[in-house]
Amino acid sequence: MRLASAGLLAVAAALLASCATPQRDYQPDALAMMKRDFHARGIAGMDRLNQDSVQAACNTYKDEPPQGVAEKLQKEQLATIKWPADGKLLGDWKSGEKIAQNGRGMAWNDKGGVGGSCYNCHQVGPRESSFGTVGPSLYQFAKKRGYGADIQRYAYGKIYNAKAYSLCSQMPRFGHVGALTEQQMKDLTALLMDPASPVNQ
Amino acid sequence: MHQTRRSFIRAGGAAALLAAFGAALLKPGRALAAWNKGAFEAKSAVDAMRALGMANAEDSKAIDIRAPEIAENGAVVPIDITSSIPGTTSISVFIEKNPFPYTGTFDFSQGSVPYVHLRVKIGESSPVRVVATAGGKHYTTVKEVKVTIGGCGG
Amino acid sequence: MAEPMKIRATLQGDVADVRVLMAHPMETGQRKDASGKLVPMHFIQTITAQLNGKTVFSADVSQAISRNPVFAFKVKGAKAGDKLSVTWQDNKGEKRTDEVVIRAGS
Amino acid sequence: MRHALVLGLFAATAAAPWPQAAAQTPDPTAAEFDKFREIMEQDNPAELFEVKGEELWKTPRGPKNASLEKCDLGLGPGVVKGAYAQMPRYFADVDRVMDAEARIVHCMITLQGFTYEELAKAPFSSLVRTPEPVSIVTYVAAQSRGMKLASPQNHPKERAAYETGKAIFHYRAGSFDFSCASCHGVDDKRIRTQPLPNFTKPDQAIRAVQGWPGYRMTGGVMHSLQWRLNDCYRQQRFPEPGYTSETLSALLTYVTVNANGHVYRGPGIKR
């Protein structure tokens, strides 16, 4: 008897709870409010509030898209990558280190792309102890994975468009949005791949 | 004058001489002296210490410096200094890697306790040197403070 | 115009724990303003603290003291109700004095 | 100063015979920061702004030469004690949810006769100027020191603000595909050496509220949550959110309600 009433109470509580937390989707409200309240500043135009196909999928599926959706969009993203015309993927790791350190670029107080912000989220070279942990450590990137052409291509491609490899990755698409130039991406690839780079010591 | 301190070896002889000359003009020793321009404008801790007549300070374990091993922000680094050397009348602070290392001297009179808390700017990781003065003699100790990059760097 | 300091002076036994907040830019002379011009040096140079009119603590400091400076020190032989004043003077000759009454510790 | 500092740091890190880079596990650096955070909070220059804010609250000013002592922060006209800990909340006179600074700005407009345009023109602190609402919100916040956060969820618009705020928090867009959750939606991460609390969880959401308004060591200026959110959106590579806009009140409702029940310690000190 006591058990039964406890069960009833639980059901009632669950009903109440479901009433209190409406299931309706607030994303349209959120977007309408933002479009009303935000304004363009510097290079950051209002168009930046619009979702592209990748952002829309990640927003809709809370960063966990169904396999079919992910595969289709990743394929599309992979096709956006412009590989260097000269076929060379490795630049200068020394300037790569500087680009990795620089956290500026694409904000409303910037003129365009500047740095790669790599250390914000990743451990990269062994000398820098101020590194973030949002992304995996890249220390000994090639030493662990190998120095081959396929790994080089993966490193360059991932920097160019991280979403081609993992649709809802938190990593920006630096090449895709023009935040880094081809040369800068080559330099970063060298930082990760060059056997002489401190990353691989 | 003893020149055993590590930083003395690094110091340029000419600069040290010049500073010593300046110090002579400005009267070394702080008692009743005006704000010591020569010491404050010295570009090395050792020159500043000369200008203050503290170059012969001997190492001491009786000075406690409490400062972060790694400072969260070099713009505001908290430092607590306590001297347990009897009769301490002043405490001086030098941030060796700052462009102008001499940061200040704190004088205690009427029996005030030889303790001070201050917050300083440290431009890059640096030894923080403290000199305590007691009975006209100078004692020194040093602590390393590292400064880091935080935030998004944007 | 110099802004008021915030001073706390609390007794612990016969030692007054004095903590001072000062409003001052402490410009190093190395910072550039928005238009790229160097901001001239502007910093506190001397600090004096007096207990009932007698100097108990004084300091000469440089521009390496952080903006809006914070200092703490300890004064022996103080009693609740004693007056403690703090004065600073900067390199432009600006001055500020504030006074508090020492409170018994809790 | 900041720029010089950063340049200096590059030089230092390049030259330093750094040992091994630290392991990625929760690190001693954060522990060291926490140890000294307490010392910093004990004597916080924020108090200088608190004093200034109180004076600004009580002094008749503006075209209408009125003080803010009739301003209703949600607990009745003139009641400041505890008001900050119970905001954001719904205000019937404007039929929207407002956070503390939005409400203060509203009072400066309606009671004192300032215009939104002049208050919103340069609303954030610089090395040479601290805007009045920043000092005032510091004073108001200090009057809730030691109190439990209790941002209400009674009015339908308060509940809608929470849900909308949650959706804004998770909305990915912009050049870098970031949302607030990119940095503040997972546990135990950090940017450079700065720990990133997960604001979707109650025990960590408090860190979105705690310490604000905050005296920022970088630059040595006083900043409010309006500034914090503005600068987050800059680094999120979004366009700029309007000062005291409903979007920001909704976001603040989401994180504050998540943190409800935690004790607010008053204006703080930030990196």
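A: A cavity is defined on a 1 Å grid over the protein atoms alone, as a set of points where a 1.4 Å probe fits but cannot get out. Grid points are joined across faces, edges and corners, and a volume is the space filled by probe spheres set on the points. The model is predicted, and totals for linings use all residues, whereas local features need pLDDT of at least 70 and side-chain atom pairs count only at pLDDT 80 or more. Residues are numbered from 1 along each chain as its sequence is written, chains are lettered from A in the order in which they are written, and hydrogens and water are left out of side-chain values, which use heavy atoms.

Q: What makes a residue part of the lining of the largest cavity?
A: A lining residue has an atom within 4 Å of a point. The largest cavity has 16 of them, with D:Tyr84, D:Asp99, D:Ala100, D:Leu225 and D:Leu252 closest to its centre.

Q: Which classes of residue form this lining of the largest cavity?
A: Ala, Val, Leu, Ile, Met, Phe, Trp, Tyr, Cys and Pro count as nonpolar, Asp, Glu, Lys and Arg as charged, and the others, Gly among them, as polar. The lining therefore has eleven nonpolar, three polar and two charged residues.

Q: Which residues lie nearest the centre of the second largest cavity?
A: They are B:Glu72, B:Val76, B:Pro78, D:Phe36 and D:Met40, out of 14 lining residues. This cavity holds about 80 Å³.

Key. On a 1 Å grid over the protein atoms alone, a cavity is a set of points where a 1.4 Å probe fits but cannot get out, and a pocket is an open set with protein on both sides within 12 Å along at least five of seven lines; lining residues have an atom within 4 Å of a point.
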